[in-house]
Amino acid sequence: STKQIRGFDLSSENVLGIQQDQNGFVWIATDKVIKYSDGIKEENIPDSINQALRGHKQVSVDQDGWVWAFQTRGVPKLFYLSEGKWHTAPIGLGDKASTTAQANFQMQVAGTGATKHLNIAIDYEVLIQNLGGEVLFHATAEPDQTGRFVSFFISKEGTCYFLFEKGVYVAGESGLEPVSVRLPDRTLDIVRVVHNEADGYYYYL
């Protein structure tokens, strides 16, 4: 059964994502629509965007308070709400990947203001781009070496870690570079990054 969230009627919908913006509005992505509420009144985002996002919908809020709407399955599409207006964000994937339904599309916004950029990934392809769609970094992973893409991790210093099934990588000059710890007698590949809020340290496992 679906748990009720104040301000929403979710009796016939499955919740896929939930976020709260800087104004206190709660945003929810369900299997049918993306909508928001102030705790009293429920509103949908524009029909044109909900209809464009026909796959598994998702919503996120970045550090500047912009609201992002996209789908994790289906043809990659990105929309964002800034200063009360919705915009379409270009995606720097190649023509084939940008127009083909994807089974695993993920996006994370990093940075603020003029330094804001998007980290984007599908199963074996990752990129970093600016808001205009200019690609700042692009790499295609080797499936046997990395496995499928799992998630992003952004450090407080702004470094983007790409977490794959078989390891953790960062953007390097020649492509994806594995994150390793060098010990006197061996080198250990990192497969997971955990941040401990209690002590403020990052643990590479």
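Student: Which residue in S4 stands opposite Ser37?

Tutor: This is a predicted model, in which local features need pLDDT of at least 70, side-chain atom pairs count only at pLDDT 80 or more, and totals for chains, interfaces and linings use all residues. Residues are numbered from 1 along each chain as its sequence is written, and side-chain values use heavy atoms, with hydrogens and water left out. In S4, the residue opposite Ser37 is Glu42.

Student: Over how many bridges do S3 and S4 pair?

Tutor: Strands are DSSP runs of E, at least two residues long, numbered from the N terminus, and two of them pair if DSSP finds at least two bridges between them. Strand S3 covers residues 34-37, and its pairing with S4 is antiparallel, over 3 bridges.

Student: Which strands stand at the edges of the sheet?

Tutor: The open sheet is formed by 4 strands in the order S1-S2-S3-S4, with antiparallel pairing. Two of these strands have a single partner strand each, so one side of each is left without a neighbour in the sheet. They are S1 (15-20) and S4 (42-44).

Student: What is the phi of Glu83?

Tutor: Most residues other than glycine have a negative phi. Glu83, found in the loop between strand S7 (78-82) and strand S8 (85-88), is a residue other than glycine with a positive value. Its phi is near 50 degrees.

Student: Is Glu83 buried or exposed?

Tutor: Buried means under 20% relative accessible area, exposed over 50%, and partly exposed in between, with a 1.4 Å probe and protein chains only. Glu83 has a relative accessible area of 79%, so this residue is exposed.
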